[in-house]
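Here is a short report on one structure.

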Amino acid sequence: MNTVAAQTWVRPKQELGPVARLFDWKPFLVTICLLPAVGLLLVFLTYPLGLGIYLAFTDTTIGRSGIWVGLENFEFLLEDKLWWNAVFYSVFYTGIATIAKFGLGLWLALLLNNHLPFKSILRAIILLPWIVPTVLSAIAFWWIYDPQFSIISYLLTDVLGWRTTNVDFIGSPWPARWSLIAANVWRGIPFVAISLLAGLQTISPSLYEAAMLDGTSGWQRFRYITFPMLLPILAIVMTFSIIFTFTDFQLVYAITRGGPINSTHLLATLAFQRGIPAGQLGEGAAIAVSMIPFLVFATLFSYFALARRKWQQGEADD
Amino acid sequence: MAAVSIRNVRKSFGSTPVLHGVSVEITDGEFVVLVGPSGCGKSTLLRMLAGLENISGGEIAIGERVVNDVPPKDRDIAMVFQNYALYPHMTVFRNMAFSLKLAGAPADVMKGEVSGASRILGLDQLLERFPRQLSGGQRQRVAMGRAIVRHPQVFLFDEPLSNLDAKLRVAMRSEIKDLHQRLNVTTVYVTHDQIEAMTMADKIVVMHQGRIEQIGAPLELYDRPANLFVAGFIGSPAMNMVPGRIEGGAFVDAGGTRWPLPKDAAASEGAEVVYGIRPEHLVLDPAGMPAVVHVVEPTGSETQVMLKIGGATVMGAFRERISAKRGDRLPVSPDIGLVHLFDRASGRRL
Ligand SMILES: Nc1ncnc2c1ncn2[C@@H]1O[C@H](COP(=O)(O)OP(=O)(O)OP(=O)(O)O)[C@@H](O)[C@H]1O
Ligand SMILES: [Mg+2]
């Protein structure tokens, strides 16, 4: 072996060109790395949000730039029965749909967490409603709820013979409200189920074994092990789910357009309705802005409910 | 407290057999250690005792009762897991009291039991902590406390010390042993560490590839290993094993070196055997076999020397301090009374 060569070889000093040196300069590097993200946020998030909030304080209509009117739009909303209806239905829609989504989603997640045959196929199937574009599934539901061609009506009347008339799903207020909630639940379950399943899978099986030896029944294992350990992820998923549901637009707009007689307007659909087809941009923006307190409340809920619990703190070496 | 009897127990996962008929009788209050190399089925057997795996064949009885179909919670056993399996969202107190709470014990009983166990284990100051806020050794003790408060018939331990550092392991070893002597509950303890097995057990069960190689008291296994596997597994440094044959009343290895045999050696002339001698049973002897020093490893209390004797490489462990260098001559001879002979084909002791 030739060891002399190894001793005399010296790593050549690399001369950096001016461009390379510029890219090695930290302030420059930080700036250009941040630029795309900050730019995107400014253009697509901050600007529309700012514009929306600004519009809410003007009497702009389509085709006429308005003037600053202060809180007038909001004062008007407080006396607007439609707005109050939308607030009621938004809260009702979110509340009922969230309860149903979490009940069914948790149940599905627990089922899928067992050893089932064809587990991976089942999981893929469960994700389907979520993968399908919302408008497509909305159109599917529109057909399902159609007064004449509804498949549910067909099953109930012609196949099973339980009814003699078609079901009136979206023709009158309360059935329409419940029908939309059903569609939202159907669409929202996969997100909840898959997220909770991921949470379930982080629970060590030996905890269940220890609990089994400690004398727990199946229900007690859920009550004392599964549920408390799932709580942190449950809180995150619930916050997201509440925000998505409260701001829902596509399902309602595609199926009922807020009807019949404006009974199924959510704040989002009402804002759109006022702002674009009716042209009252200022008022529409005010309705949209009126959603902010609700969303802030949901976020605060997550902030406090998600604050790391005491048992999660400390050394994390396992 | 109860006796445990494992009768011809088999286990397969799917079509893969893991235990091929294992039988162990454990008397009341005994400390039994299952030991064997990784993957030999120790944990599987323990989990079958606990009821966490079903039994593919044979029978397990705890006390008088056959428990094959008894669910874990009705077997009256407590288990300490390798990863401790403490409930992360419960304080030390609630971890320990959990089983009592489920059994509907009144609050003062719960308090009494937990404080009794925590005093034994030195956990009094830690009762309000969460598992994450404890060190490895403390978690290990909580896991033991959780088992103690139940007053089970049988304690099961699955490698409880393998996550601890060497020093703590030695300390916990004597703590567990001490605990056993105090409570006198039948205990089955799984480990792959033969030192742990030797120091703690009343009775050792040596397992290998789903079979039991030998059952016996620690010194019994050391003094009279039933076969080559046990001979190689028990004892550290491991026993020297030299293959060869019996010729003219002596053992002759492959290189032609003659090794002395005990008078009453049970090997017939011409038999193919393995000559076993523990490193600590080689003695320095100027009139002994010509050995050449290969590597010297002083440990302080003794000196381990790797020697070449003829074609064979053997390890010697000597009380004397030896300052020999590589290539020096260091004649040694085996302590004749402590030579083991094994049949080469079957590996059985002769
Ligand atoms: N659930 C399972 N499915 C299939 N095979 C398994 C399963 N559990 C264990 N085995 C196999 O059974 C054999 C024995 O496993 P076991 O866990 O009892 O070994 P062990 O003696 O405890 O080893 P270690 O010292 O590494 O813990 C191994 O070959 C393992 O691969
Ligand atoms: Mg194991």
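In this predicted model, 26 residues of chain B are in contact with 25 residues of chain A. The two chains bury about 2,400 Å² between them. Carbon and sulfur atoms carry 59% of that area. On the chain B side, His89(B), Leu102(B) and Arg132(B) lose the most area to chain A. Together they account for 28% of what that side buries.

Polar links also cross the interface. Two salt bridges are found between chain B and chain A. Arg47(B) forms a salt bridge with Glu209(A), with the closest N and O atoms 2.7 Å apart. Six residue pairs of chain B and chain A are in polar contact.

Four elements of chain B each give two or more residues to the side that touches chain A:

| Element of chain B | Residues |
|---|---|
| Helix H1 | 42-50 |
| Strand E6 | 77-80 |
| Helix H2 | 92-102 |
| Helix H4 | 136-148 |

H2(B) supplies the largest share, four residues. By class, this side of chain B has 15 nonpolar, four polar and seven charged residues.

Now turn to chain A. Helix H13 (residues 267-275) and helix H14 (residues 281-289) of chain A pack at an angle of about 170°, their axes 7 Å apart. H13(A) is therefore roughly antiparallel to H14(A). H13(A) makes the contact through Leu267(A), Leu270(A), Ala271(A), Arg274(A) and Gly275(A). H14(A) brings Leu281(A), Glu283(A), Gly284(A), Ile287(A) and Ala288(A). The residues of this contact divide into six nonpolar, two polar and two charged.

Technical notes:
Residues are numbered from 1 along each chain as its sequence is written. Chains are lettered from A and ligands numbered from 1 in the order in which they are written. This is a predicted model: local features need pLDDT of at least 70, side-chain atom pairs count only at pLDDT 80 or more; totals for chains, interfaces and linings use all residues. Side-chain values use heavy atoms; hydrogens and water are left out. Axes are lines fitted to C-alpha atoms, for helices over the stretch in contact, and angles run from 0 to 180 degrees between N-to-C directions. Angles under 35 degrees count as roughly parallel, over 145 as roughly antiparallel, 65 to 115 as roughly perpendicular and the rest as oblique. Contact means heavy atoms within 4.5 Å. Ala, Val, Leu, Ile, Met, Phe, Trp, Tyr, Cys and Pro count as nonpolar, Asp, Glu, Lys and Arg as charged, and the others, Gly among them, as polar. Buried area is the accessible area (1.4 Å probe) that two parts lose on being put together, summed over both. A salt bridge is a side-chain nitrogen of Lys or Arg within 4 Å of a carboxyl oxygen of Asp or Glu. A polar contact is a pair of N or O atoms within 3.5 Å; within protein, one must be able to donate a hydrogen and the other to accept it, and residues adjacent in sequence count only if both atoms are side-chain atoms.
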